[in-house]
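Have the model open and follow along.

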Amino acid sequence: MSEKKAAVLLAEGFEEGETLFIIDIFRRAKITCDSVSIENEMVKGGHDIYVKADRIIDEAMFDEYDMVVIPGGLAAAERLSACEPVRKWVHGFVEEDKYVAAICAGVMVLKAAGVSAGRTITSYPGEKYYQMFADSDYIDDNAKLDQMVAVDGKLITSRGPATTFPFAFRIAEALGADTEPLKKGMLYHAFCDSIRNS
């Protein structure tokens, strides 16, 4: 059992696939993982799927976690960006050299927290994000399969729903998990090989 602990942030409009697969893979990897809502216990996703959060965010919880994960979903990312406790958490994690991971539109929270400048990152593609991260070393639409997850120290970002698996495995590995049995059991390597050979 891993001694590390991760918090996956939830806000209304979250991208369900990204969020739930991240939590699923963490728990399969025996990493303690809490879904943490910024408002209500029941949180509606971007496609009207409701998820019951494990906890509601509180600044006093900050020291409990080794990683904070920010899923995508534009509406959720905007709510998370506007949430002061979230911005404090993300900024504080970077200051204390703890892991911050974000995928898809969730990467915009890094900008709101003031931790993206000069860092190598990627996000959901689009002019909005290119402009937002003009002061970052941004990996764009020309990214290859092995660049779908950008790692800059303890800041880990990824692009969108289809990159959730490599992202989730990479951040689980960052917390010390051996993901090889999971990758084999979930047919991850077979899928990646078929993509490379297509």
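Start with helix H1, whose buried residues are Glu16, Glu18, Thr19, Ile22, Ile23, Ile25 and Phe26. Keep in mind that this is a predicted model.

**Helix H1**

- H1 covers residues 16–28, which makes 13 residues. From first C-alpha to last it reaches 18 Å, close to the 18 Å expected at 1.5 Å a residue.
- What do the buried residues of H1 pack against? Their partners are the strands S1, S2 (32–37), S6 and S7, plus the helices H6 (164–174) and H7 (180–185).
- Just after H1 comes lysine 30, with a positive phi of about 65°.

- S7 is largely enclosed by the rest of the structure, because 5 of its 5 residues are buried.
- Look at which way the residues point: Tyr99, Ala101 and Ile103 go one way from S7, Val100 and Ala102 go the other way, and all are buried.
- S7 pairs with S6 in the parallel sense, over 4 bridges. Here methionine 67 stands opposite tyrosine 99 in S7.
- S7 is also joined to strand S11 (residues 155–158) by 4 bridges, and these two run parallel as well. In this pairing alanine 101 stands opposite isoleucine 156 in S11.

**Nonpolar cores**

- The largest nonpolar core has 39 residues. Those with the most contacts inside it are Leu9, Ile70, Val86, Trp89, Val90 and Leu110.
- Which elements each supply at least two residues of this core? They are the strands S1 (5–10), S6 and S7 (99–103), along with the helices H2 (74–82), H3, H4 (108–112) and H5 (127–132).
- H3 gives the largest share of this core, with 4 residues.
- There's also a second, separate core of 28 residues, which includes Ala6, Ile103, Val149 and Ala172.
- Back in the largest core, tryptophan 89 is one of the residues with the most contacts. Leaving aside residues up to four places away in sequence, tryptophan 89 touches Ala7, Leu9, Ile57, Asp58, Glu59, Met61, Phe62, Tyr65 and Val68.

**Aromatic rings**

- The count comes to 10 aromatic pairs. One of them is phenylalanine 62 with phenylalanine 93: the ring centres are 4.9 Å apart and the planes meet at 85°, so the pair is edge-to-face.
- That pair links distant parts of the chain, 31 residues apart. Phenylalanine 62 sits in the loop between strand S5 (55–56) and strand S6 (67–70), while phenylalanine 93 belongs to helix H3 (residues 84–95). Both phenylalanine 62 and phenylalanine 93 are buried.
- Phenylalanine 93 also pairs with tryptophan 89, and this pair is stacked, at 6.1 Å centre to centre with 25° between the planes. Tryptophan 89 is buried, too.
- Why are tryptophan 89 and phenylalanine 93 separated by about one helical turn? They're 4 residues apart in helix H3. An α-helix has 3.6 residues a turn, so residues three or four places apart point the same way.
- Elsewhere, ring pairs link Phe21, Phe165, Phe169 and Tyr188 into a cluster.

**A lysine over two rings**

- The charged end of lysine 98 sits over the ring of phenylalanine 62, 4.3 Å from the ring's centre.
- Lysine 98 lies over the face of phenylalanine 93 as well, at 4.2 Å from the ring centre.

Notes
Residues numbered from 1 in each chain as written. Predicted model: local features only at pLDDT ≥ 70, side-chain atom pairs only at ≥ 80, totals over all residues. Heavy atoms only, no water. Phe/Tyr/Trp six-rings, centres within 6.5 Å; stacked < 30°, edge-to-face > 60°. Buried < 20%, exposed > 50% of the residue type's maximum accessible area, 1.4 Å probe, protein only. Lys NZ or Arg CZ within 6 Å of the ring centre and 35° of its normal. Core = buried A, V, L, I, M, F, W, Y, C linked by side-chain atoms within 4.5 Å. Contact = heavy atoms within 4.5 Å. Expected span 1.5 Å × (residues − 1). Pairing = 2+ DSSP bridges.
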